[in-house]
Amino acid sequence: MILVTGGCFQGKTRYACETFGIGENEAIDGRICPLEELYRAKLLYHFHEYIRRMMKGGQDLSIENSMERLKQENPGIILVTNELGYGIVPVDRFDREYREKTGRVCCRIAKEASQVHRVVCGIGTVIKDG
């Protein structure tokens with residue numbers, strides 16, 4: 001598993017597709033893809049929005065189980081996510097919980113990932129390799 005992270009509109013998805021040779025038709029959008037598609041995709045962008053959808057759908061507790069299943073069924077997936085922990089703390093309770101859950105899930109994924117890349121202004125830096 002590979003994690004690509006960075007701020008909004010920093011070119012993360014383009015960087016990931018170019019770096020890992022993924023075609024646009026091989027990447028899926030976490031905002032709209034069927035939840036089960038995560039286990040078959042080569043690259044999932046907007047991973048943070050995938051987590052939001054699961055939480056909105058009442059599947060908050062199954063996020064950790066999904067990550068275990070993902071590790072088993074699709075260990076080569078590339079996950080592209082926004083860093084949500086920088087900036088203003090949301091006023092809305094759900095948004096705070098979502099921000100925290102996303103950060104914790106991404107920390108867990110980063111720990112287990114073979115690589116972690118951080119993208120700023122379209123330039124990627126490998127922050128973990130191996």
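Hi everyone, let's start with a helix pair: α2, residues 47–56, packs against α4, residues 93–112, at an angle of about 125°, and their axes are 10 Å apart. Before I go on, please keep in mind that this is a predicted model.

How are α2 and α4 oriented to each other? Angles from 65 to 115 degrees count as roughly perpendicular and those over 145 as roughly antiparallel, so α2 and α4 are oblique to each other. As for handedness, α2 passes α4 in a right-handed crossing.

Now, who touches whom? On the α2 side, the contact is made by F47, H48, E49, I51, R52, M55 and K56. On the α4 side, you'll find F94, D95, E97, Y98, K101, T102, V105, C106 and I109. If you sort the residues of this contact by class, you get eight nonpolar, two polar and six charged.

Let's move to the cores. In general, nonpolar side chains in soluble globular proteins tend to be buried together. Here, the largest nonpolar core has 24 residues. Which of them have the most contacts inside this core? They are L38, L44, F47, L70, I77, L79 and I109.

Which helix gives the most? That's α2, with five residues.

I'd like to stay with I109 for a moment. Setting aside neighbours within four places in sequence, I109 is in contact with M1, L3, F47, M67 and L79. Two of these partners, F47 and L79, are also on the list of residues with the most contacts inside the largest core.

There is also a second, separate core, this one of eleven residues, and among them are I2, A16, I22 and L43.

F9 sits in the loop between β1, residues 2–6, and α1, residues 12–20. Its phi is near 55°, a positive value in a residue other than glycine. Is F9 buried or exposed? With a relative accessibility of 85%, F9 counts as exposed.

The other one is C121, in the loop between β5, residues 115–120, and β6, residues 123–129. Phi of C121 is also positive, near 55°, and again this is a residue other than glycine. C121 has a relative accessible area of 64%, so this cysteine is exposed.

Technical notes: Residues are numbered from 1 along each chain as its sequence is written. This is a predicted model: local features need pLDDT of at least 70, side-chain atom pairs count only at pLDDT 80 or more; totals for chains, interfaces and linings use all residues. Side-chain values use heavy atoms; hydrogens and water are left out. Axes are lines fitted to C-alpha atoms, for helices over the stretch in contact, and angles run from 0 to 180 degrees between N-to-C directions. Helices (H or I, at least four residues) and strands (E, at least two) are DSSP runs, numbered from the N terminus. Angles under 35 degrees count as roughly parallel, over 145 as roughly antiparallel, 65 to 115 as roughly perpendicular and the rest as oblique. A crossing is left-handed if the near helix is turned anticlockwise from the far one by less than a right angle, and right-handed if clockwise. Contact means heavy atoms within 4.5 Å. Ala, Val, Leu, Ile, Met, Phe, Trp, Tyr, Cys and Pro count as nonpolar, Asp, Glu, Lys and Arg as charged, and the others, Gly among them, as polar. A nonpolar core is a set of buried Ala, Val, Leu, Ile, Met, Phe, Trp, Tyr and Cys residues joined through side-chain atoms within 4.5 Å. Buried means under 20% relative accessible area, exposed over 50%, partly exposed in between (1.4 Å probe, protein chains only).
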